[in-house]
Amino acid sequence: MNIIKYPAKSQWAKIVERPHLDVSQLNATVAAVLADVKAHGDEAVKTYELKFDRAQLSELAVSEEEMYEAQQLVSDELRQAIRLAHHNIYKFHAAQQFHGEKIETQQGVVCWQKSVAIERVGLYIPGGTAPLFSTVLMLATPAKIAGCKEIVLCTPPNSEGRVNPAILVAARMAGVSKIFKAGGVQAIGAMAYGTESVPKVYKIFGPGNQYVMAAKQQVSLHDVAIDMPAGPSEVCVIADETARAEFVAADLLSQAEHGIDSQVLLITTSEEKLHEVKAEVERQLELLPRKALAAKTLKNSQFVLVGSPDEAMALSNLYAPEHLIIQTSDYEALAEQVVNAGSVFLGPYACESAGDYASGTNHTLPTHGYATAYSGVNLDSYCRKVTFQHLTAQGIRSIGHAVELMAEAEQLDAHKNAMTVRLRNL
């Protein structure tokens with residue numbers, strides 16, 4: 001843990017800086033895999049599954065028999081937890097539905113918007129050491145509410161060619177159409193280009209490692225839309241003298257256990273609390289099964305002491321965290337100052353884990369400072385807004401001459417004429 005006390009503003013840029021990786025070789029590797037998948041379809045995907053996931057696959061699609069078996073393998077208790085989370089996620093996202101209104105901008109000129117679902121979406125769900133079945137709920141539930149006709153899911157199998165059963169249970173509950181055993185770059189390529197088995201989608205959602213992120217960015221240049229650019233997960237906790245050190249430490253460690261490239265930032269106005277949290281982190285760390293992983297992450301963590309709550313918020317807004325936790329006595333007032341953040345957790349009981357799993361908000365969020373310009377996944381992520389307009393003869397009278405003048409000033413005579421011929425025929 002790096003402790004920084006009362007940094008000058010000239011030091012802030014260094015504090016909020018993310019690690020910069022040399023991705024030139026990585027991008028070349030990703031491009032080669034994508035090209036292979038584009039050229040050879042299922043055969044290439046199966047080859048990479050054998051190479052990277054050590055899975056010998058005869059078919060990419062998850063069978064109905066495998067779906068049934070998964071239902072038996074997941075305990076009733078976990079199924080109930082998944083059902084609770086799905087209910088809350090559904091309720092929160094259903095409330096985001098768009099209701100367009102017809103607006104008469106001038107007499108005889110009526111404009112409106114219609115929300116139309118993206119017809120076919122692809123969801124990438126990481127497997128590995130932490131199979132993220134919660135992400136299935138976060139991505140598939142709003143897709144279903146939006147009305148996406150086809151929801152395609154790719155996730156890596158284990159070495160036996162099996163998908164984690166909780167992922168399959170969550171997928172069925174949330175309304176996924178088709179599930180395929182494919183991970184990493186090859187999964188992104190399969191959904192971006194389409195293969196004999198995997199349908200080509202119009203937009204890809206979901207987190208992943210640096211290879212997956214690079215693949216998403218590469219295919220987004222020409223072939224398919226993506227949810228957002230993203231990097232390693234991160235949390236910023238703002239704490240004052242009233243914060244519970246035990247809670248703050250637990251929040252920091254819950255982020256640190258994601259992986260060694262995760263980011264952990266504590267900003268506090270109390271030096272005593274800073275040292276309390278440091279001691280509590282060290283105590284709780286010893287109890288974690290993923291201790292070695294979290295310890296590596298904490299080596300790069302920042303514990304920053306600042307002079308005031310306003311300064312804490314200014315530093316947080318500059319950092320633009322994926323997750324922002326405000327554990328202060330005046331958290332409601334500080335919440336009003338939030339400008340840049342993916343998802344905000346207010347008060348002592350709002351831990352990041354609540355949003356990660358079951359409060360109802362979405363945990364697919366912008367990282368690496370992209371919260372300055374991007375939102376987390378929401379219902380609108382799965383929709384397009386199509387605009388409509390209707391003009392009557394009176395509408396032409398209302399705006400026709402203005403259109404002619406503007407088109408003429410831009411030297412676009414055909415544009416002007418399209419209006420002129422209508423004005424002549426009134």
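A word on conventions before the details: residues are numbered from 1 along each chain as its sequence is written, and side-chain values use heavy atoms, with hydrogens and water left out. As the model is predicted, local features need pLDDT of at least 70 and side-chain atom pairs count only at pLDDT 80 or more, while totals for chains, interfaces and linings use all residues.

Let me start with the open sheet, whose six strands follow the order β1-β11-β10-β9-β12-β13 with parallel pairing; strands here are DSSP runs of E of at least two residues, and helices are runs of H or I of at least four, both numbered from the N terminus, and two strands pair if DSSP finds at least two bridges between them. At the edges stand β1 (2-5) and β13 (343-346), each with a single partner strand, so one side of each has no neighbour in the sheet. From one strand to the next the twist averages 15°. β1 pairs with β11 (residues 302-305) in the parallel sense over four bridges, and Ile 4 has Val 304 as its bridge partner in β11.

Across β9 (234-239), β10 (263-268), β11 and β12 (323-327) lies helix α9 (residues 245-256), which runs at about 170° to β9; axes are lines fitted to C-alpha atoms, for helices over the stretch in contact, with angles from 0 to 180 degrees between N-to-C directions, and contact means heavy atoms within 4.5 Å.

Turning to the helices, α3 (residues 64-73) packs against α6 (residues 165-174) at about 105°, with the axes 8 Å apart, which makes α3 roughly perpendicular to α6 (the term covers 65 to 115 degrees). Among the residues that make this contact are Met 67 and Ala 70 of α3, and Leu 168 and Val 169 of α6.

Finally, the aromatic rings: those of Phe, Tyr and Trp (its six-membered ring) pair if their centres lie within 6.5 Å, with planes under 30 degrees apart stacked and over 60 edge-to-face, and by this rule there are five aromatic pairs. Trp 112 and Phe 388 have ring centres 5.5 Å apart and planes at 5°, so this pair is stacked. Since Trp 112 lies in β3 (residues 109-117) and Phe 388 in β14 (residues 383-391), the pair ties together parts 276 residues apart in sequence. The rings of Tyr 370 and Tyr 374, with centres 5.8 Å apart and planes at 90°, form an edge-to-face pair.

Terms used. Angles under 35 degrees count as roughly parallel, over 145 as roughly antiparallel, 65 to 115 as roughly perpendicular and the rest as oblique.
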